[in-house]
Amino acid sequence: MDGNGRWAQKRWLPRVAGHKQGVDALRGIVQASVERGIRVLTVFAFSSENWNRPVEEVSGLMDLLALALSREVPRLSENGVRLHFPGDRSRLSEKLVRSLSAAEQATAGHDRLVLNVCFNYGGRWDIAEAARRLAERGEAITEESLTGAMALAHVPDPDLLIRTGGELRISNFLLWQAAYTELVFTDCLWPDFDAAELDRALAEFARRERRFGQTSEQRAQAPAPDADTQHA
Ligand code: IPE
Ligand code: MG
């Protein structure tokens, strides 16, 4: 969800105001995803590298997550949204960790949309952590066992990855899971990303031919694969 800082700076507002607006944008996209039948939505809220930002921005982001949790969880729950917070919790405050777990537990019974809010997450952290856990248990390291030990083991690999804010890179997001994900890049800053922008990205996704290493001819014979975006 990139571009919050620039959105704020363009308006002579503090960066944190952009992050606040970003929460509003996320609320709209969650609703739009539910309406479009998307089953899994995974967002990158705070990366392992974001600790390097100025302390007041880092604490602003922590406070914003806590505030968003206290305000949004009841409505998300009513809408059938199940929350997960993939990421390393060891550096988060005890209070925040408690509210993350409480939100996960409160929404555990829902299945309309799985909303993964990656917080203090990094793709490399995820892979290394999964390998460490398997090694600790003395289990063989295979593609399947690693996939099953990762922070997103509860959802299928993403079909579509949208990066807002104009940068053309992955920035340590779902490195393992995005092996065959369709990538869509947009200059739109995250606070401006609305249902119409989502529809543009979905239309772009629908135009792509997903071959998964096969030829076009082989895919044409396969029985209607991957017609819908299930995981964005
Ligand atoms: C949000 O956008 C990403 C977060 C870490 C929350 P940015 O804060 O990176 O916005 P820009 O790139 O400075 O515009
Ligand atoms: Mg940025």
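**Ligand shell and sheet of the predicted model**

The shell around ligand 1 is made up of three nonpolar, five polar and five charged residues. The structure described here is a predicted model. In this model, 13 residues surround ligand 1, and the closest of them are Asp2, Gly5, Arg6, Arg15 and Arg53.

Oxygen atoms of the ligand take part in several polar contacts with the protein. Asp2 places a polar side-chain atom 2.8 Å from an oxygen atom of ligand 1. For Arg15, a polar side-chain atom is likewise found beside the ligand, at 2.9 Å from an oxygen atom of ligand 1. Gly5 contributes through its backbone, with an N or O atom 2.9 Å from an oxygen atom of ligand 1. When ligand 1 is taken alone, it exposes 380 Å², and 87% of that area is buried by the protein. Three helices, α1 (4-10), α2 (15-35) and α3 (55-78), are the elements that each give two or more residues to the shell around ligand 1. Of the shell, the largest share comes from α1, which supplies three residues.

Attention now turns to the strands. The model contains an open sheet of three strands, arranged in the order β1-β3-β2 with parallel pairing. The edges of this sheet are formed by β1 (40-47) and β2 (81-84), each of which pairs on one side only. From one strand to the next, the twist averages 15°.

Strand β3 comprises residues 113-121, and its parallel pairing with β2 extends over four bridges. Within this pairing, Leu83 has Leu115 of β3 as its bridge partner.

Technical notes:
Residues are numbered from 1 along each chain as its sequence is written. Chains are lettered from A and ligands numbered from 1 in the order in which they are written. This is a predicted model: local features need pLDDT of at least 70, side-chain atom pairs count only at pLDDT 80 or more; totals for chains, interfaces and linings use all residues. Side-chain values use heavy atoms; hydrogens and water are left out. A residue is near a molecule or strand if one of its heavy atoms lies within 4 Å of it. A polar contact is a pair of N or O atoms within 3.5 Å; within protein, one must be able to donate a hydrogen and the other to accept it, and residues adjacent in sequence count only if both atoms are side-chain atoms. Accessible areas come from the Shrake-Rupley method with a 1.4 Å probe; for residues, only the protein chains shown count as cover. Ala, Val, Leu, Ile, Met, Phe, Trp, Tyr, Cys and Pro count as nonpolar, Asp, Glu, Lys and Arg as charged, and the others, Gly among them, as polar. Two strands pair if DSSP finds at least two bridges between them. Axes are lines fitted to C-alpha atoms, for helices over the stretch in contact, and angles run from 0 to 180 degrees between N-to-C directions.
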